[in-house]
Amino acid sequence: MEPMEGIVLGVTLLVLAVVFQVMNRQVQAGDLHNNGAFGIRTKATRSSEAAWFAGHLAAVPVMRIAYRLAYAWFAVVLVVAIGLQATV
């Protein structure tokens, strides 16, 4: 892996982690309403506001795992990329 590829991958993981964390917090606060840009957009979740909220509430544990893993992998990739950059 080239150092710059690692940095791009790391930043992508960071953005993904932040998106999942923000969505998770909005769901838990009851602030994530059906919209066209942000959320789990399936036919079932878009069928009603209640279905939207229920689907997202059910996904909270998975989103929590996803953002924690993305933060962890961001750290790993960043350390590897910096290590590779130091050897170049």
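## A buried histidine

His-56 is buried, its relative accessible area being 1%; buried denotes under 20% relative accessible area, exposed over 50%, and partly exposed the range in between, with a 1.4 Å probe and protein chains only. The model is a predicted one, in which local features need pLDDT of at least 70 and side-chain atom pairs count only at pLDDT 80 or more, while totals for chains, interfaces and linings use all residues. Residues are numbered from 1 along each chain as its sequence is written, and side-chain values use heavy atoms, with hydrogens and water left out.

His-56 belongs to helix α2, residues 49-87. Helices here are DSSP runs of H or I with at least four residues, strands are runs of E with at least two, and both are numbered from the N terminus. A polar atom of the His-56 side chain lies 2.7 Å from the backbone oxygen of Trp-52. When neighbours within four places in sequence are set aside, His-56 is in contact (heavy atoms within 4.5 Å) with Met-23, Val-27, Leu-32, Gly-39, Ile-40 and Met-63.

## Helix α2

At 1.5 Å a residue, the 39 residues of α2 should span 57 Å, and the 53 Å between its end C-alpha atoms agrees with this; the expected span is 1.5 Å times one less than the number of residues. At Val-60 the helix bends by about 50 degrees, and a proline, Pro-61, follows within four residues. The bend is the angle between axes fitted to the seven residues ending at a residue and the seven starting there.

The buried residues of α2 are Trp-52, His-56, Ala-59, Val-60, Met-63, Tyr-67, Ala-70, Phe-74, Val-77 and Ala-81. Ala-66, also in α2, is partly exposed, with a relative accessible area of 25%. The C-alpha atoms of Ala-66 and Glu-5 are 22 Å apart, with 61 residues separating the two along the chain.

Asn-24 is located in helix α1 and counts as buried at 2% relative accessibility. Beyond its neighbours within four places in sequence, Asn-24 is in contact with Val-60, Met-63, Arg-64 and Tyr-67. Gln-21, likewise in α1, is buried with a relative accessible area of 17%. Leaving out neighbours within four places in sequence, Gln-21 is in contact with Tyr-67 and Tyr-71.

Ala-44 occupies the loop between α1 (3-29) and α2. Ala-44 is exposed, with a relative accessible area of 54%. Its C-alpha atom is 8.2 Å from that of Gly-55, eleven residues away along the chain.

## The chain as a whole

The protein chain contains two helices and zero strands. Its radius of gyration is 17 Å, whereas a compact globule of 88 residues would have a value near 12 Å; the radius is taken over C-alpha atoms, and the globule rule is 2.2 Å times the number of residues to the power 0.38. Along the principal axes, the C-alpha trace spans about 55 × 20 × 15 Å.

Of the 88 residues, 24% count as buried. Among contacts between residues at least 6 apart in sequence, 54% join residues at least 24 apart. The chain exposes about 5600 Å², of which carbon and sulfur atoms supply 70%; accessible areas come from the Shrake-Rupley method with a 1.4 Å probe, and for residues only the protein chains shown count as cover.

Technical notes. A polar contact is a pair of N or O atoms within 3.5 Å; within protein, one must be able to donate a hydrogen and the other to accept it, and residues adjacent in sequence count only if both atoms are side-chain atoms.
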